[in-house]
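Morning, everyone. I'll take you through a pocket and then some charged side chains. Have a look at the structure first.

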Amino acid sequence: MSDTPALRLAEARDASACVAIYAPAILERSTSFEYNVPTVEEMARRIAAVAPSFPWLVAVRKGEVIGYAYAGRHKERDAYGWSVDVSAYIRGDCHRQGIGRGLYTALFKLLALQGYRRAWAGVTLPNPGSVGLHEAMGFVRVGVYEKVGWKFGRWHDVAWFGRPLGSQDGEPSQPLSVQEARALPGWNEALVWSPR
C-alpha cells in the first residue's frame with residue numbers, strides 16, 4: 001500500500017476513527033471547546049448532518065483514517081450563505097506530514113466548486129502549529145475573541161482567520177449541494193492528493 005493518503009467523503013463507518021483523532025483535542029488540549037468526547041454514534045450523526053450541504057473529508061493511508069477536515073455553515077442568517085467555517089484534525093502520530101494541507105487543499109477546491117466564497121477558521125491560542133497551517137493555506141487573521149472560552153481552569157482567546165474561496169464580484173448563485181457538485185467536472189480531480 002502507498003504512503004500517499006487517499007481522500008474521500010466521510011461515511012458513518014469513519015466515525016470511530018474520527019472520534020479517536022478528535023478526543024485529544026478535547027481531553028488534552030483546549031483546541032476544542034467541548035468538554036466531553038462525542039460517542040461514535042454522535043460523530044456519525046455529525047457526519048450525516050454535514051453531508052448534504054458540505055464536504056467532510058477523510059485522509060486514509062494504508063487503510064487507516066489519519067485525519068479529517070470539514071466545512072459547516074458560518075452563521076444562520078441568509079446573507080451568510082456563501083461563507084463556511086472549516087476545521088481539520090490530524091491523528092497525533094501524523095502531525096507535520098502535510099496531512100492538514102492536503103485535506104484543506106481538496107476541501108477548498110470542493111467548496112469553490114459548490115459556489116462558496118469565503119472560509120473562516122477559529123484557532124484557540126496559543127497554537128503555533130494551527131496558526132502556521134492556516135496562514136500557509138492563505139488565511140489572514142481578522143481578529144481575536146479575547147477570553148471567550150473557559151477550559152482547564154483558565155480563559156482562552158480564539159483567533160479568527162479568513163480566506164477567499166472564489167470571486168466576490170457580482171451577485172452569487174445559490175451554493176450547490178454536495179450531490180449537485182459531485183456531478184461537476186473537477187470534483188474527482190479535487191480529491192486527488194495534492195498537499196500544495
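Predicted model: local features only at pLDDT ≥ 70, side-chain atom pairs only at ≥ 80, totals over all residues.

Start with the second largest pocket, whose volume is about 150 Å³. Which residues line that pocket? They are Ser 53, Phe 54, Arg 73, Asp 78, Gly 81, Ser 83, Gln 114, Tyr 116, Gln 174, Pro 175, Leu 176 and Ser 177. By class, that lining has six polar, four nonpolar and two charged residues.

Stay with Arg 73, one of the lining residues. Its side chain meets that of Glu 76 in a salt bridge, at 3.8 Å from N to O. Glu 76 is exposed, at 62% relative accessibility. Arg 73 is partly exposed, at 34%.

Now the salt bridges. How many does the structure hold? Nine. One of them joins Glu 42 to Arg 46, with the closest N and O atoms 2.9 Å apart. Both sit in helix α2 (residues 40-50), four residues apart, so about one helical turn separates them. Glu 42 is partly exposed at 23% relative accessible area. Arg 46 is partly exposed at 23% as well. There is also a network here: salt bridges link Glu 34, Glu 42, Arg 45 and Arg 46.

Next pair: Asp 93 and Arg 91, bridged at 2.7 Å, N to O. Asp 93 is exposed at 51%, and Arg 91 is partly exposed at 24%.

Last, Arg 118, in strand β5 (residues 118-124). Arg 118 is buried, yet has no salt bridge. Where is the nearest side chain of opposite charge? That is Asp 85, 10 Å away. Beyond its sequence neighbours up to four places away, Arg 118 touches several residues, among them Trp 82, Ser 83, Arg 163 and Gln 168.

Terms used
Residues numbered from 1 in each chain as written. Heavy atoms only, no water. 1 Å grid on protein atoms, 1.4 Å probe; cavity = no way out; pocket = protein on both sides within 12 Å on 5 of 7 lines; lining within 4 Å. Points joined across faces, edges and corners; volume = space filled by probe spheres on them. Nonpolar A, V, L, I, M, F, W, Y, C, P; charged D, E, K, R; others polar. Helix = DSSP H or I, 4+ residues; strand = E, 2+ residues; numbered from the N terminus. Buried < 20%, exposed > 50% of the residue type's maximum accessible area, 1.4 Å probe, protein only. Lys, Arg positive; Asp, Glu negative; His and termini not counted. Salt bridge = Lys/Arg side-chain N within 4 Å of Asp/Glu carboxyl O. Contact = heavy atoms within 4.5 Å.
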